[in-house]
Each structure stands twice: as C-alpha cells, then as structure tokens.
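These are my notebook entries on a structure that I looked up. I record each point in the order in which I examined it.

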Amino acid sequence: MKQNNKQAHKFGMVIDLDKCTGCGSCMVACMSENNVPVKEDESDKKDSITWMRVYKLNNNKPFPETEICYLPRPCQHCSGKGDHGHSPCVSVCPATATDYDYSTGIVSQIYTRCFGCRYCMGACPYHARYFNWWDPKWPDGMESYLSPNVSPRMRGVVEKCSFCFHRYQLAKEQVYYDGEERIEDEAAYQTACTQACPAGAIVFGDLNNPDHQVTQIVKPNPHPEHDNHDVVGKSRNPKVFRLLERLGTNTKIYYMSERKWVRKLGDNYLDGEWEKADNHHGSSHG
Amino acid sequence: MKVDRRSFLGLGLGAAAGVALSPVGAKLTDDSSIWTQTWFLTPVPEDGEITFEPSVCSLCPGKCGINVRKITNRPVKVDGLEGYPVNDGGICLHGISAIQYLYDPSRVKTPMKRNGDTFESISWETAISEIKQKLGDIRKSGSASKLACVSGDDKGSVAQLFQRFLSAFGSNNFYTMPNLESALALTAQTMHGEDATIAYDLENAGMILSFGAGLIEGWGSPVSCFKANASKKDRGSKLYQIEARLSNTAANADKWIPVKPGTEADLALGICAVILKEKMFNAEYAQYFGGNFNKFAAMVQNKYSVANVSQTTGVPEAEIAKLANLFVKFNKSKSVAICGRGKANDAVSLKEFAAVHALNCLVGNINQKGGAWILPQNEYLQFPDVVTDDAADKGLSAKQISTSATGFFSKIKATSKPDIEALFVVNANPCHNLHDAKYITDVVKQVPFVVSFSSFMDETAKQADLILPSHTCLEMMQDLPSGSGVTRQVVGLSKPVVDPVFDTKNPGDAIIELAKSFEGSIAESFPWDDLEGCLSEVASDIWDTLSEDGHVVVSDKAPGSLPSVDFSFLAENPATAALAGDNNEYPLILIPIDNMRVAPGAQASSAFAVKTVADTVIKGKDGFIEINPATAKNMGIKDGSEVKVTTPSGSVVVRATYFHGIMPGYIGMVQGLGHDMNNMYVADKGVNVNELITPVFETGSGLDAAFGSVAKISKA
Amino acid sequence: MFPFCFEWVWDAGHLLFFGGFWFAISILGAGMTWCILKALYETIYCDGSDNHH
Amino acid sequence: MDSALIPEGVKRCSFPKFFIGIAIVGAVVLWGVYGMLVCWLKGLNVTGMDDYYGFALWIWADLAVIALGGGAFFTGLLKYIFKVDELKNIINFVVILGFVCYASALLILAIDIGQPLRGWFIFWHANVHSMLTEVAFCLSCYFAVLTIEFIPNILENRQLDKVPFFHNLSHNMHGVMAIFAATGAFLSFFHQGSLGGVAGVLYGRPFAYREGLLVWPWTFFLFTWSAAAFGPCFSMVVLRITEAVTKKKLVKDNVIHLLAKISGWMITTYIIAKIIDTIYWATVTAPSMGLKMSFFFTGEGNGPYNYLILITEIFLCGVVPGLLLIVKSTRENPTTRLIAIILGAIGVSLNRWVMVLQVMAVPVMPFDKWALYMPTWPEIATTILPVAGGIIVISLAYRYLPVFPQEKELNEVTVE
C-alpha cells in the first residue's frame, strides 16, 4: 500500500532564519551541484532558474525601525493535504513527470518525462518550479564542469529542487554496500545547500527519525490539527513555522525565527488571527 | 490501366489504412520521444570515477580550505573542507564558483602583447625576454627605483617573490591594495609598536561591538566570521552593529545603531571617554598602558564628551553611555570591538582603527579569550637576504613614493617627468578597485611599460603593454597564510587540482623565470627553479607537513604575554578625514555598499554570483542607488526610476531603489559592479562606485580614508 | 495507457478513468466500423440503386 | 469555375471574389503559422510568459474557444437526445463551429507545451488524478466525435455525394448519430468540467480553489454549465456574422428564438449558481486561508484586476444577457438579442480569463508581489491563427456544403 509507514523516511529541513545571512552560498551550491545553467541576464527573477531562491523580507517600517530577514526557499516538498502525498504539483501533472516518493517524502521531477505544460508551476504557491524557457548554454569549455550525477535539462521542461536526490541515491548505495538496510546516519545524506551554508542555518534530516536534529528542533505533530484536518506535521516548537501552512500543503521545509514579524510573514492571516495563532502555538506547547 | 475516380479513392484509402496499420507510426512516435529526450542542444556530462582533492581557496583574504570533487580529472564541484581550521566545511558562493573562473569568458589564454589598441598572442619566452629587455634598459639608465609593483597583498611567497624581485632590482615601490590585514598591522604597529597583526576571537566573544564591520558582508575571513556570527545565538553572545545603513550584518545583529558614516572613530573615542570618566577600564591591563595614556584620557574626556560625540555621530547621548556600560560589563572581559566598514578592503582610517582598538585595550581583552589578540607576524617564510648590486643599492636608497597604493597613483601623475617607468600588477585590479578609478586608469595609461599578471582581461590588464596570464585558484600551487583577523594562524597550501586550461603560469614561477633571465645579483637572489623549489627551501620548517597535510597550524592560542599600549597617536587627537567637496552643492552623501554576493576583489563576480544578485542591485544592465523613501519623495524620485548621480569625481545614470534601512540623506551603491570586461555575465552591469569617489588621504597614515563621497542626484 | 503498462495500477482511479475512456473509444470505433462496413456492403451489393431516398 | 461543387439551388459569390477573401484571411493564417514556427524552433522564450505566469494567453484562448464551442455539444444534446427537432436547422453549423473551436484548442496546446513532440506522453504516461489528463482525453475524444459529426455534412457535397460509398456512409452515420452525440455529450460534460477543475483543484492558489463534490470542485460543474449556457450565444453570434457577410438569412427566426430562450435560461441559472459560488468563496473558502476578498481585487500593483472585472463578468456579461434572453420581447428583438449574445460570449471568455490568468497574477506568499503579463507577437499571432483558420473552414463549408437546410427556402434563387 502506498502510504507513509514507519520504515519510510520523511526528509525535511529546518532553516534558522536568524542565522541566515543571505550570503547566497546555498543558491550557488545548488546551481553548481545540479548543473543549473546561467543566462547572460538573470536579473529578471521571474525567468531565472534558482531551485534555491533567497527572498529578502522586511518589516515594512521606516528608518530606523526597519528590519530585514532572508528566507531561503527550496522546493517545499509538500506532502499534500492530510499528508497523503497529493502535493499541489504532483496531483496536477498530467504525465506523472513529477511524483511523490512515499519512501522518502521527496517530490521528484523527471525531466525527460515532462513535456512542459507548466500546470505544476501554476499549482505551486511557492514558485519553486522553473521552466526552461531557453536551451541551457555554457560558454566554450564551461560544460567541462558539469556533473554527471544530474542530467542537464533540455528546453521546454520544468525543473526544481530535488533535495539533491542523487545524493540520496549515492548514500543509499553506500548503506547497502555497508550491509545496512536504510540510512540512519544523518551525515550520510545531506543536500548541497545544507552542506554549503557557512552559517549552519540549514538543518536537514529525516523527520521520521527521532535521533535526527531536524526532528528534535521541529517536533512535528504527527496528528492532524483540530481546527484544520488538512494540516499534519505542524511544529510543536513555537518558534518554528511553515510557509502557507493553512493551505494544507504540508511542506517539509520548516523555518525558525525568534522574530514575530518574520513568523507572521509565513502565512496569510485575517485581522486578529495572527495574534491568536501565535499565542495558541506558544501557550499549548511552549 | 485507366485510373478512375473510384479506384483512385480506393487506392488512397487503402494506402492510408496500410500506413496506419504498419509500424511506421509507432516507430516515428517512439523515435520522437527518444529524440526529444536526448535533446541535441543539451550537453551530456561524461561519467567517471569520483575523487576529492583538498586545496585552499585564494579568491579572497579568507583563505578557506576547499574540497574539490572531480570526475576523472575534471573538477565539477567545490565544497568547503571539513576540519580546515579557518572555515571547517563552510564555503562562500565565490569559492563554489571557482570552477567557473577556470572557464571564464574573459580569461587571458596566452601571454599577450599590446599592439596599438589591440593585443596579440606571444609566447612565454618572447614575453619574458621583452620584459627583461625593458627592465634592463631602465636599470641601465640608473633609475631602478622607477619599477613599481601593485599587488593584492604582501603575504605568501608569490607576493613576497614580487617584492623580492623589486628589492633585487632596486625599488621600494611595492604597494598592496587596501585591505584589512594591512590596516590591522598598521594599528598594531601604532598602538603596540610591534610588527604584529591583530586577530579577533569572535567565536568566543560575549559582545561584539562592530563599527560597521560587515561580519556577514565579507569582512575578514568571511566564512569564519559567518560561523562566529551564527553561533552567537547559541552562545548568548550579542552583536551591536554601528553603521549608517541596515546592512545584512546590522539586520542580523541584536541591535543596530545608525551612525553618520565617517564618525565611527568619534563614537569609539566617545565611548572611551565614558569608560575613562566612569573609571570602568580594566585596571589590570592598565599597567601596560604606556606612552601618553594620561594625555589620551584627558584629551578624550575633553574633546569627546558624550554631548559632543552625540552631536557629531547622530547617536543619542543615552545610547552612547549605555553602549559604554554594556561593552565593559557584558560578561566582563569578553567584549570585543572591531571596525573597517563592510569588507574593509576599501577606505580605511588609522584613527578609526586605533580608536576602536583603544576600546579593546581599555576593556582589557587583549590576548584574552573572546578578545583582540596581538599576534606576531607569521614568519614561516625565511628568505635568504636579497643580493644587491650598485644599481639596486642606488634605487633602494630612493624613498618610497607613498604609503598606499592610492597615494602612489595620485603622486606619480603630478610630475611631468615619469616617476615610474614600469609597473607590475599582480593579483590586483587598481583601475577598477581604487577610488577615482577613471583617474587611476589614466595614470596607468601614462606609465610607459605596464605588465599585468592577471588571469582575466580586466580593466587594468586592458591598460597593460604585456600580459603574463596567471593560473586561476584551482590551477595554482601556492602557500596561503591566514590573516584578516583570524585567530588561528594557519598556512594553507593551494594545489593545482586541474591542469591549466590555458597557456598560463603561476605568477611565482613567472617572476622566478624573469629574475633568472637577468645576469648577476638579480638572478643570484632567485636561486630556485620554480615556486615549489623555492617554497620547499624558504618554508623548510613547515614544508613537509604543509605538502603532506595541505595546511599547518602555526598557532591557535592567544600569546601568553601582554603587549604594552602606546596612546601617543590618539593622544594627539589626529584629525578625522573629511570628504572633499562642497556640501551645499552636493547635499547628499554616497556610500559604497558591500554585498556578499558581489565579488569586490581582483576577480570580477562569477556568472553564478551575478545570478544571485537581487533585481534591486542589477536590472538588465542598470545599476541602482539605494535611497531612503523619505529622501526620495522629497526630491520627487520614484522607486525604480532613473536618476543621475553626480559627485566631484563624475556622474552616472542609475536607477533608484527605495530602502527604508538607509539613513535619510545618504545614498548607497553596491561595490564591485560596472566592469568593462569581455564577459557577458558581468560586462557593463551596474556602475563602478569607485569612479564616483574621490580619495581623501588621512593625515599621518597617508591612507585613503574616503568612506564615500558628497553627491547630488536629479531625475534622469 | 494500457493495463499492461508498467505504470498501470489496479485502483479505482485508473479503472474509472480508463474504463470511461476505452468505453467511449469503443463506442466511437464500433459505431464508425459499423457505418463503414454497412456502407461498403450497400455499395457493393446494392450497386446502382439508391435505396435511401 | 467551381460551380460544380456548389450545392444546388443556392447562390454563392463569384469564385475570384471568394478567392480574394480567402487569400486575405490566408495571409493572416500564414502570419500565425510563422509565429507558430518561431515558437517551435526558438522555444517558448519568445513568449511573454515567465515562471510566475506559466499559463497565459494561449491557455485562456484554449479555455475560451472550448467554452464558446460548447454550443456544439449542447445543441447536439438537445437535438439528438432531447429531440428538439427545430435545431436540425442549425446543427450542421454549430458542429462545424465546434470542430473549428476544438481543432484550434488542440493546435494551441501543441504550441503551448514546451516539448510538443512528446506531448503524447499525456496519453501514454497518464496521471489519472490530473484534471489536465481528463481534459486531454475527453478533448481529443470529443474532437473525434465532432469530426464524425462533421463528416456526413462533408459527404453531402454535390460531387462527393455522387460516390455511392460516401452517400451510403453519410446516410448510415446519420442513422446512428444519436449514439455519437450521446457519447460526445458525455465526453463534453467531463472535459468542460475538468477544464473548470483545472483551476478549482489548485489548493495552493486561494483565488482559484473551490470546494466541491467528490473529486470535482464546484468550478467543474460551473464550467460545464457555463459552456452549455454561453456556447449557443457564440454560435448565434457567428451565425449572425455569417448572415451579415453573405447578406442572407440562413436560419429561421423560430429556431434562433428557441436556442436563445434555452440559452437565456441556462445563463440565468448559471449566473445564480456562480453568484452563490462567489459569495461562498469570498466568505468561507478564502477567509479560511487567511485572505479577505478585497485582497484579490485591491492589492498593490494588481494592474487590471480590480472589482470592475468581477462586476463586468457577473453582472454586465452574465445577469444582463441572461435577463435579455429570457424576456420574450428583448429576446425576439434582433438588436437586444444581438447585444445579449455578444455580452454572453464576452462573459464566458472573461470568466475563463479570470479563472486562469488572474489566478496566476495573485500573490500567495505574503511577501510575494502581484505578477502581470503582456503577450508578445508570436503569442498573439498564434492565437489569431486558429481564428483565421476557422474563418476559412467556415467559408469553405458554407460555399461547398449544404450547411443550412433552410437556406434554399429563405433565399429563393430567381432564375435569370
């Protein structure tokens, strides 16, 4: 049966926004790891392929009360409403070019399967999906640095963060080679962005493994929320939130911040709702 | 056979049915899928064995350990090196991009010789012999001191071989580009009278009082600072950031204290005054306070009263007193004060460095855990004495033209008779990176013989008469000592992890080869075959470990003894360098912004790095100024609209972007843009802020202390 | 997609969806086949005489 | 010149005149084909689309022509299943119109996708949970149905009809047309609906998302309903244009009045449902995601997406045509009827625009911004291409096929 079981991994991330410096290492590490091409002009951020994109948030207050915060946004690897694996994008892809892997929780993308209808991009509220509007180009000789672990994409297909799935595969091979059944060691499988982050702001691991740091920080609630049954895996850490959690996308990227205004920007709230949500979050578990 | 309509139709239908039933359709459909999946315009990277090769990155003063992943000898990824004492696995975006620099479109592929306005390729032999010829003539004419060299820094054997060449040749005119390390050494010299450097134990500091130091903008050794900054949350440490603009560091700090730029020294002295007045200084360390401490104490309390300082800096009086108290009392001796705006590789002022260092001395954190460490210079390179001849001795007796690179360029233009006949530029791009860059370019143009050792056809290389292209960081063997405020004194060994992509050389090898082409004392001063041979001799103490482990930790502890402090320099209350220009004509102040994602050094940003830059920094080819909406609205300037920015040095058209985090009355422009290079990723994107800033020389130190420029803007 | 494809799953979604699809295709196919065969039959065996009007 | 091909007893313009007309439209087709080739050869970077706006003009055109072509399935349903016999006088025409619309939709899809050569993966590797899969399957099947419905009309051409096989085939197909029509109606219900589902299932997009019944969001039913309601409006508009161009009356008023009446009631009931849906969405669905209705219409930088567009869609182009068509006097007045059917056709097109393009424009993350989009010439050219192609098909059909059974009666040719 296709469903989350105890044996399954559920890889996820928690990003400490108070540590994030907006330096861009994660973005470049990702591009370099995953053979993301670079165009001559990448200043139109709406057609610039950045699997990992760092948003600059601000509290919208005048000098000198201004505050800013950077928010790295990889693919959120949604497990969909009720944690059933029907991510917004996976459920709409007509050709099964993107799929939810129940054994890892990773939302995959098969470039050679995708025919470029872009429905998944429309479905994703995080803009984590990018279309290859152009053929990828590298200046003379620069193709030499392309990694064989991730195939470069042709024009006309959608691509996105894969949690460095090739690293998972390599780790799994290693684990099998070592005679074990599954990846238990946190360090055995880490994404390129996590590895590169000089501030150590990104913690990546298996949310189903209680020994992993990410699980210990996030403390995900395995049960659906009372007020919204679509939401599963809400963090029991009052400083941790997910982007657009109320939609029921059930992302596996968690964010952490001490700053209220940052946490508030994680979701949409009607007047007065945020205070209630924040207090509720804090009082019941904090 | 007569084909009537009926049989014709039947034939047609039959044929159609036949084709439809045949495997042709299925085959074509299948082929189409295969063809589109092996798309002819998409490269297929060759597979092979994965290997890792550790090395050290030389792209910036950080000198981080890197681990290069290779697939059968071609590097595919650069990661941070786990366990390396500087960065322990962390890496910045520029380091990751090192693989792009290898194939950068603006690389100089062979030695080049100027021919009118163009360059032609020549061989290394020809290039070396041409230089030998020219330099020989200069020496013969008895003006050996007229050879100068501008280098990125003076640490490591490559830079020192160039310096050595100048000495053997007979010139003192060796200059380094402005950098934090030199400022720290100068501060140590001024305040402690020692040939030392200063390092900051940021990862153990309780409170960091930063006077504009961009801890996460690339100050010091960037990754090391990132790590120290990130750990402050867990350690309960605090960062107070003092600067005019809400930089990333300020945003990430526990508190941001806006201050008028250029008045940091005043604020530091004001805090000193409070500490002295309240007798909060460290009595134990005060025993080491030597020359003129009392004079200094009297001076600051007299001249830098809280009221005065508040007036100058714009920081409220209460805030200053609070800062002083906090700084002294925060977990006792663990507070540390640092300075150097942004990446601190731009303008530096000795007064500011000394004033901030005085804070560290007063609080007594010198050589303490979490404090400022006065480390002896890392002298792992023991070069034999330079052999000189008469021509050299004569040249060396001449005075150095200036104390700073900017000063050097500003002086050689002034005289009609050339002060400088030949100029070497290595690991530096003064025509882009020094203030008043256009003027510098003009000066370089006028130097009769310019030799660039750049890997790229950058702004300075374009002015050269000869280019001897260097390897890039991944192709090069060299020793890389840590510095820039890092407490661990480490010497790393950069290794060639890939065969040179083009016909380039290690500049260390090139200078040895050049020296050996001379007869006599110059050649005698360079008795080695190549850089590696040289290193194994001059660094013989550590060479075995270095070549085996890739790095050597020379020391990682604070020195046991305490240095004495000399307050003489500060006691004289040196003048604060003021910006040149009329405030009425230019009502605004332009400050350069350091942005971690834009490389400011000798190398322009990589394609990857440029891609990460926000669309409020570069949009298409347009550059931006940041402006406070309040200031902008007064002038009727809309967000995103074009404006003309004029300073005494020049004027440019850029776009305005609103930013609440910049002090009203100030405009900011990101540094490191506006390159004139044959590289579509960076070419002509934005403008070079250095073209808009006029150098201001600090009295005494002679350093360029222009923290910005007076400016005016109008709708374009 | 046919039931013998590797991606086929014997679940309600596939059965309903492809059931409907193949059903519609069958009706269209059968209907057209019937029309064509009948027309052929009529053309060949009822040659000349217009039996429709 | 081509008189042997022209149906008996009707008058057509001279061949040169016809040829010039076709040539002019043909030039537009060529421009469109050029745009199409540009898109295929250079890739979709020639469009105004981006990663925020992955669905744009084409998808709107796609949804709009299918809604407008909905007249075919609905009229077919009425004629063949509900045996509304008067409609036989217009059924050929709506079938051709439907055929043109659906052919356009398929062509546009072939340009819109990034890798057209493997577009068939949608069939081969179908994901049965995707609304788009449902669209593709039903759309292509229904296109087959329309082709089948169109064939007998083609075979009725004077020359083709002389071939006994074709004559017989045409006759036999007429005989079982009810079955085909029923299949078509079944397929249409699902693909019109699934096109609505395309937007409605996007639970990451609060502007589009709707609750629903089983696997189908309410937009599923609204789309089917609106296509049935407004499709005939468009058929009548095109008929009116054809009549104006040919300067002839082609269909009797009673037929039009009947179709207009049915359309009017469909529109009215649809718009009531749409209003209820909108109110429910604005007061329950969107607020449950933390968003007020005003957010979607008054956000900073929202460009044209303000309340006006909502009012235009629902009232001006929904309630108004509905009422005009159910009131006998305005329905039978040619001017008010014309206004009503034009408004109706605009209304449904606007609805499709809102449900696809406005969805892309609205930011969802609180720190994101409104995204706007402007089509480029290849997009416009390729969108006009099927319109021009459709004009040619309709012209050819009108000229050479007995499309309008009442034409002869309404336009007695005086023998000279």
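**Entry 1: two helices of chain B**

How are α13(B) and α14(B) oriented to each other: roughly parallel or roughly perpendicular? I found that helix α13 (residues 306-313) of chain B packs on helix α14 (residues 317-329) of chain B at an angle of about 110°, with the axes 8 Å apart. α13(B) and α14(B) are therefore roughly perpendicular to each other.

I noted the terms behind this answer. Angles under 35 degrees count as roughly parallel, over 145 as roughly antiparallel, 65 to 115 as roughly perpendicular, and the rest as oblique. Axes are lines fitted to C-alpha atoms, for helices over the stretch in contact, and angles run from 0 to 180 degrees between N-to-C directions. Helices (H or I, at least four residues) and strands (E, at least two) are DSSP runs, numbered from the N terminus.

I read that this is a predicted model, in which local features need pLDDT of at least 70 and side-chain atom pairs count only at pLDDT 80 or more, while totals for chains, interfaces and linings use all residues. Residues are numbered from 1 along each chain as its sequence is written, and chains are lettered from A and ligands numbered from 1 in the order in which they are written.

I then listed the residues that meet: B:V306, B:A307, B:V309 and B:S310 in α13(B), and B:E317, B:I320 and B:A321 in α14(B). Contact here requires C-beta atoms, placed from the backbone, within 7 Å. By class, this contact of α13(B) with α14(B) holds 5 nonpolar, 1 polar and 1 charged residues. Ala, Val, Leu, Ile, Met, Phe, Trp, Tyr, Cys and Pro count as nonpolar, Asp, Glu, Lys and Arg as charged, and the others, Gly among them, as polar.

**Entry 2: two helices of chain D**

I turned to helix α2 (residues 57-68) and helix α4 (residues 88-112) of chain D, which pack at an angle of about 165° with their axes 9 Å apart. α2(D) and α4(D) are therefore roughly antiparallel to each other. The residues in contact include D:W58 and D:I59 of α2(D), and D:C101 and D:Y102 of α4(D). I counted by class 12 nonpolar, 1 polar and 2 charged residues in the contact of α2(D) with α4(D).

**Entry 3: a sheet in chain B**

I looked up an open sheet of 3 strands in chain B, in the order β17-β18-β19, with antiparallel pairing. Its edge strands are β17 (478-481) and β19 (551-555) of chain B, each pairing on one side only. The twist from one strand to the next averages 20°. Between β17(B) and strand β18 (residues 489-494) of chain B there are 4 bridges; pairing requires that DSSP finds at least two bridges between two strands. I saw that B:Q478 stands opposite B:S494 in β18(B). Helix α23 (residues 540-549) of chain B packs on this sheet and touches β17, β18 and β19 of chain B.

**Entry 4: contacts between chains**

How many residues does each chain bring to the contact of chain D with chain C? I noted 23 residues from chain D and 20 residues from chain C. On the side of chain D that touches chain C, α7(D) gives the most, with 13 residues. That side divides into 17 nonpolar, 6 polar and no charged residues.

For chains B and A, the contact takes 58 residues from chain B and 50 residues from chain A. The side of chain B that touches chain A has 33 nonpolar, 14 polar and 11 charged residues.

Technical notes
Two residues are in contact if their C-beta atoms, placed from the backbone, lie within 7 Å.
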